[in-house]
Amino acid sequence: MNRARTNNRFSRTRSGGTGPLRSSASGRSGGQNQAGGHGRRPAAIRGEFAPPKTVTPALPAVEAFTDLDLPEQLLTTLAAEGVSVPFPIQGATLPNTLAGRDVLGRGRTGSGKTLAFGLALLARTAGQRAEPGQPLALVLVPTRELAQQVSDALAPYARSVGVRLATVVGGLSIARQAGALRRGAEVVVATPGRLKDLIDRGDCRLGRVGITVLDEADQMADMGFLPQVTALLDQVRPDGQRMLFSATLDGNVDRLVRRYLTDPVVNSVDPSAGVVTAMEHHVLHVDVADKKATVTEIAGREGRVIMFLDTKHAVNRLTRDLLASGVRAAALHGGKSQSQRNRTLSQFRTGGVTALVATNVAARGIHVDNLDLVVNVDPPTDPKDYLHRGGRTARAGESGSVVTLVTPDQRRDMTRLMAAAGIVPQTTRVRSGGAELHRITGAQAPSGIPVTIAAPTPERPQRAAAPSRRGRRRSPAAR
Ligand SMILES: Nc1ncnc2c1ncn2[C@@H]1O[C@H](COP(=O)(O)OP(=O)(O)OP(=O)(O)O)[C@@H](O)[C@H]1O
Ligand SMILES: [Mg+2]
């Protein structure tokens with residue numbers, strides 16, 4: 001159906017209203033997490049996503065980037081980045097998004113959604129020049145780390161076609177972000193809260209935004225984000241292109257789809273569960289009294305591991321204990337300053353930290369190379385959280401394992417959650433020091449010698465006769 005696009009609020013959507021929105025039990029905000037996790041029931045399974053009808057048939061998928069109408073510079077950059085063949089979600093969506101179609105794209109975790117929307121957005125923006133404070137394209141994401149990652153992933157492609165990117169996230173200098181917008185940025189990658197602040201200050205106007213992407217669209221449609229997201233979508237060009245992507249599109253996005261997409265192409269190559277086949281799922285039964293020792297040994301493995309817990313407090317406590325046991329651990333949650341959060345993630349990526357202990361703030365979208373184990377120290381209560389947390393491993397065709405530690409009182413809820421997530425895990429009874437635990441996770445006792453993770457000294461190019469660092473202003477490149 002080719003309805004005229006409006007920027008109206010819900011009350012003015014087409015007749016029939018918005019209909020009942022299948023509820024989200026979580027209502028998360030800003031990637032934050034709720035307390036609890038013990039004795040709670042898994043969230044009810046949300047209604048299966050009912051894709052909207054596509055009226056104009058979709059263009060067929062391509063199998064090579066050269067089959068697409070992409071600027072030569074983007075093809076060159078793809079080759080330089082070692083990206084030779086489009087992943088399925090890219091091959092399927094790009095012919096349509098490059099032609100300006102709205103898209104609703106569902107592809108497994110780690111299946112390349114960033115480049116799927118990124119290449120279309122950059123190809124269609126290349127050659128245009130933004131006025132100060134008036135971007136032409138917008139990517140909205142739920143967490144600051146993800147905004148940074150998306151910007152970093154797209155940066156070489158943007159540079160090659162002369163498109164200027166600005167990253168707009170909370171917790172970092174708003175003045176600098178305003179400055180970047182003032183100098184002119186064709187593409188803005190943003191978390192909704194900070195973008196709203198910049199708009200309120202008069203530093204940004206969205207009236208010229210002709211392409212809008214919602215990454216992790218189902219989370220952006222959660223109650224915690226929806227009002228901010230719709231307020232922003234109501235400001236972009238009504239005739240512009242919109243793309244919604246996630247590994248888990250569910251009933252949550254119905255409202256956004258009906259209100260903001262026009263005759264969208266629906267790419268739903270993967271089932272809603274978004275199960276990644278190269279991922280092993282293990283439920284490990286542990287005794288309550290042995291759980292701490294078990295977690296410590298898993299964290300002491302060779303190689304990286306990300307451990308998810310429900311609360312900031314639990315994350316801090318486990319990190320402290322692991323450091324005291326000799327594990328190079330660091331905490332990532334919404335209670336840390338943004339510079340700490342950035343530092344922690346970068347140390348995890350470069351190997352200075354081997355055990356990242358995190359809340360759900362790290363569950364969505366974050367990509368770390370060579371990460372082959374995700375551990376749910378606290379079992380998630382929402383099947384989607386299970387899929388996204390687990391999706392930090394086994395990405396881009398790699399393999400990996402997701403391990404969930406389950407105490408006797410949590411077994412029933414875990415069985416329900418796995419069924420809701422569409423996963424049949426291998427269940428094993430384990431104990432610290434045991435062969436099974438070692439076999440599945442590589443667990444080994446850490447040194448027992450306490451470690452501290454030093455903040456790295458900021459990297460600066462060494463120049464001859466450089467003035468004293470103290471008091472020197474930071475270069476723009478350090479932003
Ligand atoms: N065509 C490709 N060939 C090789 N590698 C690719 C290709 N496309 C993307 N990648 C790589 O795959 C990895 C995962 O991509 P990306 O982060 O976009 O996944 P995603 O689908 O957004 O996952 P999530 O649902 O977890 O956000 C990245 O390291 C990216 O560089
Ligand atoms: Mg992603």
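This is a short walk through one predicted model, from the whole chain down to a few single residues.

Hi everyone, thanks for coming. Please keep in mind throughout that we are looking at a prediction.

Let me start with the overall picture. The chain has 479 residues, and 48% of them are buried. Its secondary structure comes to 15 helices and 14 strands. If you take the contacts between residues at least 6 apart in sequence, 79% of them join residues that are at least 24 apart.

Setting aside neighbours within four places in sequence, Leu356 is in contact with Ile306, Ala330, Leu332, Phe348 and Ala362.

Next, the ligand. Ligand 1 is surrounded by 19 residues, and the closest are Thr109, Gly112, Lys113, Thr114 and Ala396. Helix 3 turns up again here, giving the most to the shell with three residues. As for the make-up of that shell, there are 10 polar residues, seven nonpolar and two charged. Both domains take part: domain 1 (65-270) and domain 2 (280-441) each supply at least three residues to the shell.

On to strand 3, residues 165-168. In a regular strand, side chains alternate between the two faces of the sheet. Here, strand 3 is covered on both faces: Leu165 and Thr167 are buried on one side, and Ala166 and Val168 are buried on the other. Strand 3 pairs with strand 4 (residues 187-190) in the parallel sense, over four bridges. Within that pairing, Val168 has Ala190 of strand 4 as its bridge partner.

Val161 sits in the loop between helix 4 (144-160) and strand 3. Val161 counts as partly exposed because 18 other C-beta atoms lie within 10 Å. Leaving out residues up to four places away in sequence, Val161 touches Pro71, Gln73, Leu74, Leu122 and Ala126. Look at Gln73 in particular: Val161 and Gln73 are 88 residues apart along the chain, yet their C-alpha atoms are separated by 6.2 Å.

Last, a word on backbone angles. Most residues other than glycine have a negative phi. Asn370 is a residue other than glycine with a positive value, its phi being near 55°. Ala394 is not a glycine either, and has a positive phi of about 55°.

Where do we find these two? Asn370 is in the loop between strand 11 (355-358) and strand 12 (373-376). Ala394 is in the loop between helix 13 (383-390) and strand 13 (400-406).

And is Asn370 buried or exposed? Asn370 has 11 C-beta neighbours inside 10 Å, so it counts as exposed. Ala394 has 23 C-beta neighbours inside 10 Å, and therefore counts as buried.

Definitions and conventions. Residues are numbered from 1 along each chain as its sequence is written. Chains are lettered from A and ligands numbered from 1 in the order in which they are written. This is a predicted model: local features need pLDDT of at least 70, side-chain atom pairs count only at pLDDT 80 or more; totals for chains, interfaces and linings use all residues. Helices (H or I, at least four residues) and strands (E, at least two) are DSSP runs, numbered from the N terminus. A residue is buried if 20 or more other C-beta atoms lie within 10 Å of its own, exposed if 12 or fewer, and partly exposed in between; C-beta atoms are placed from the backbone. Two residues are in contact if their C-beta atoms, placed from the backbone, lie within 7 Å. A residue is near a molecule or strand if its C-beta atom, placed from the backbone, lies within 6 Å of it. Ala, Val, Leu, Ile, Met, Phe, Trp, Tyr, Cys and Pro count as nonpolar, Asp, Glu, Lys and Arg as charged, and the others, Gly among them, as polar. Domain bounds come from an automatic or database domain assignment. Two strands pair if DSSP finds at least two bridges between them.
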